[in-house]
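Have the sequence and the 3D view open as you read.

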Amino acid sequence: MTAYARRAFLGMAPGLALTGRTRMQTEAAAYPQRSVRYIVPFTPAGITDIMARLVAQKLSEKWKRAVAVQNIPGVQALIGATAAFNEPADGYTLLAITSTHAANASLFPNLPYDLKVIAHPL
């Protein structure tokens, strides 16, 4: 899995149908070998957290591996996003992204991560 897939799992779902499915299916056959961490950069019980937990539950059922939701709120989602970007790009850390991440690019001139990686097409 690519770094983009790790960071923008929800945002890439429509794009998967348009990419080379053979390569993705081959990689997906061996994934995941261990539990997956799903970082939600917002407080628990908010809409992003609820949606992430629903997605994590379905992924756990499909993959037969644990998908653990971890809330890391603070500074308009910067702390959680930075935590996700500091993890290895191996596909075992997912990040729930929202429009807040796009807004942060104009609010904070020196983001500790590269927003282009999130928005980059496959």
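Which residues of α4 are buried? They are Thr48, Asp49, Ala52, Val55, Ala56, Leu59 and Trp63. Buried means under 20% relative accessible area, exposed over 50%, and partly exposed in between, with a 1.4 Å probe and protein chains only.

## Ground rules

This is a predicted model, in which local features need pLDDT of at least 70 and side-chain atom pairs count only at pLDDT 80 or more, while totals for chains, interfaces and linings use all residues. Residues are numbered from 1 along each chain as its sequence is written, and side-chain values use heavy atoms, with hydrogens and water left out.

Helices (H or I, at least four residues) and strands (E, at least two) are DSSP runs, numbered from the N terminus.

## Helix α4

Helix α4 covers residues 47–63, which makes 17 residues. At 1.5 Å a residue it should span 24 Å. The expected span is 1.5 Å times one less than the number of residues. The end C-alpha atoms of α4 are 24 Å apart, so the two values agree.

Seen down the axis of α4, the buried residues fall within an arc of 130°, so they line one face of the helix. That arc is taken from the directions between the helix axis and the C-beta atoms. On the other side of α4, Ile47 and Lys58 are exposed. Just after α4 comes lysine 64, with a positive phi of about 60°.

## The sheet

An open sheet of 3 strands runs in the order β2-β1-β3, with parallel pairing. The edge strands are β2 (67–71) and β3 (93–95), and each pairs on one side only. Two strands pair if DSSP finds at least two bridges between them. Neighbouring strands are turned by 25° against each other on average, direction ignored.

Strand β1 (residues 36–40) pairs with β2 over 5 bridges, in the parallel sense. Arginine 37 has alanine 68 in β2 as its bridge partner. Valine 40 stands opposite asparagine 71 in β2.

In a regular strand the side chains alternate between the two faces of the sheet. Strand β2 has a covered face of Val67, Val69 and Asn71. Its uncovered face holds Ala68 and Gln70.

## Helices across the sheet

Helix α4 lies across β1, β2 and β3, and runs at about 165° to β2. Helix α5 (residues 78–85) lies across β1 and β3, at about 150° to β3. Contact means heavy atoms within 4.5 Å. Axes are lines fitted to C-alpha atoms, for helices over the stretch in contact, and angles run from 0 to 180 degrees between N-to-C directions.

## Aromatic pairs

The structure holds 3 aromatic pairs. Rings of Phe, Tyr and Trp (its six-membered ring) pair if their centres lie within 6.5 Å; planes under 30 degrees apart count as stacked, over 60 as edge-to-face and the rest as tilted. Tyrosine 31 and tryptophan 63 have ring centres 5.1 Å apart and planes at 80°, so this pair is edge-to-face. Tyrosine 31 lies in the loop between α3 (21–29) and β1, and tryptophan 63 in helix α4, so the pair ties together parts 32 residues apart in sequence. Tyrosine 31 is buried, at 12% relative accessible area. Tryptophan 63 is buried too, at 17%.

The rings of phenylalanine 85 and tyrosine 113 have centres 4.8 Å apart and planes at 15°, so they are stacked. Phenylalanine 85 belongs to helix α5, and tyrosine 113 to the loop between α6 (99–107) and α7 (115–119). Both residues, phenylalanine 85 and tyrosine 113, are buried.
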